[in-house]
Structures are given as C-alpha cells and as structure tokens.
Amino acid sequence: MEKEHNFEGLVHPLNGVSHREQRTLYYEYFLDIVPTVYTHKPKRRKPGQVERGYQYTANAHSLPSPPGQMSAVYFQYQISPITVAYSYDRASFSHFLSYTCAIIGGIFTVAGILSRSIHASAAQ
C-alpha cells in the first residue's frame, strides 16, 4: 500500500476534477512532475525526519474529436531534473534585527532619493 505524503503546502491539482460532456472530446493533460524532499522539524537534538515524494502541476486541454470516434484521454508527462527541498530552519534573533534594520534603512534611502528629486525638480 502506498504511503500518503502530507507535506506542508502540498496541493493535489487534479483531486475532485471531473468532466462531463454530451459531445465527444479529446482530453489532454500535461503533467510536470517534480521530485520533493521534505525535512520535518527536528525534535530535541535529533535530526529531522526526511521524506521523499513528488509534486506535480497539471494543465488540461480539450479538443472536439472527429465524428464517429470515441472520447479519449491522453496524459503527457515530464519529470523535472530539479528537486525541491523543504526544510525547517529558524533564524536567530540577531538575524531578525539585522533584517529589520536593513528594511528601515532601505525605506530611509528611498525616501531621501524621492525628496531630493522632488526638491530638484521644484527648484528648476
């Protein structure tokens, strides 16, 4: 039996999707499959448990089938060569302070540039 992965933020784009039409159609699904590694939060000095799984994106396209032919479903897929890794990481308080100071400094810099450009354009 296959294990169900419950990664944080995991989405199954085709769950609950159904198509019902009176006319005959060709359905094409384009699937991009991405290998995923999820590292859980570490528990008291133990390294986090690692789970491997796959995520996918799906795009659908339908075309009318020629007269006298049945409906059909085609799946085209490609496996991504890039692996997405989710991990739990907590930044220290000093990093929080430095990020906050960088944001505040950036706001003051942009405000100074705007102020100088407004004063320079008003003086002309």
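What percentage of the 124 residues of the chain count as buried? The figure is 12%, where buried means under 20% relative accessible area, exposed means over 50%, and partly exposed lies in between (1.4 Å probe, protein chains only). The model is predicted: local features need pLDDT of at least 70, side-chain atom pairs count only at pLDDT 80 or more, and totals for chains, interfaces and linings use all residues. Residues are numbered from 1 along each chain as its sequence is written, and side-chain values use heavy atoms, with hydrogens and water left out.

The chain contains four strands and one helix, arranged along the sequence in the pattern β-β-β-β-α. These elements are DSSP runs numbered from the N terminus, with helices (H or I) of at least four residues and strands (E) of at least two.

The structure holds four aromatic pairs. One of them is stacked, because the rings of Tyr29 and Phe75 have their centres 5.3 Å apart and their planes at 15 degrees. This pair links distant parts of the chain, with Tyr29 in strand E1 (residues 25–39) and Phe75 in strand E3, 46 residues apart. The rule for such pairs is that rings of Phe, Tyr and Trp (its six-membered ring) have centres within 6.5 Å; planes under 30 degrees apart count as stacked, over 60 as edge-to-face, and the rest as tilted. Tyr29 is buried, at a relative accessible area of 10%, whereas Phe75 counts as exposed at 51%. Leaving aside neighbours within four places in sequence, Phe75 is in contact with Tyr29 and Leu31. The C-alpha atoms of Phe75 and Glu28 are 5.9 Å apart, although the two residues are separated by 47 residues in sequence.

A further aromatic pair is found in the helix. Phe93 and Phe96 form a tilted pair, with 6.0 Å from centre to centre and 35 degrees between the planes. Because they are three residues apart in helix H1 (residues 93–123), about one helical turn separates them. Phe93 is exposed, with a relative accessible area of 57%. Leu97 also lies in helix H1 and is partly exposed, at 41%. Together, Phe93, Phe96 and Leu97 form a nonpolar patch on the surface with about 340 Å² of accessible area. Patches are made of residues with over 30% relative accessible area and no salt bridge, like charges being joined within 9 Å and nonpolar side chains (Val, Leu, Ile, Met, Phe, Trp, Tyr) within 5 Å; a salt bridge is a side-chain nitrogen of Lys or Arg within 4 Å of a carboxyl oxygen of Asp or Glu.

Two buried residues with polar side chains complete the description. Ser65 lies in the loop between strand E2 (50–64) and strand E3 (72–79) and is buried, with a relative accessible area of 10%. Its side chain makes a polar contact with the side chain of Thr24 at 2.6 Å. A polar contact is a pair of N or O atoms within 3.5 Å; within protein, one must be able to donate a hydrogen and the other to accept it, and residues adjacent in sequence count only if both atoms are side-chain atoms. Thr36, in strand E1, is buried at 1% relative accessibility, and a polar atom of the side chain of Thr36 lies 3.3 Å from the backbone oxygen of Val34.

Terms used:
Areas by Shrake-Rupley, 256 points an atom, 1.4 Å probe, with all protein chains shown as cover. Contact = heavy atoms within 4.5 Å.
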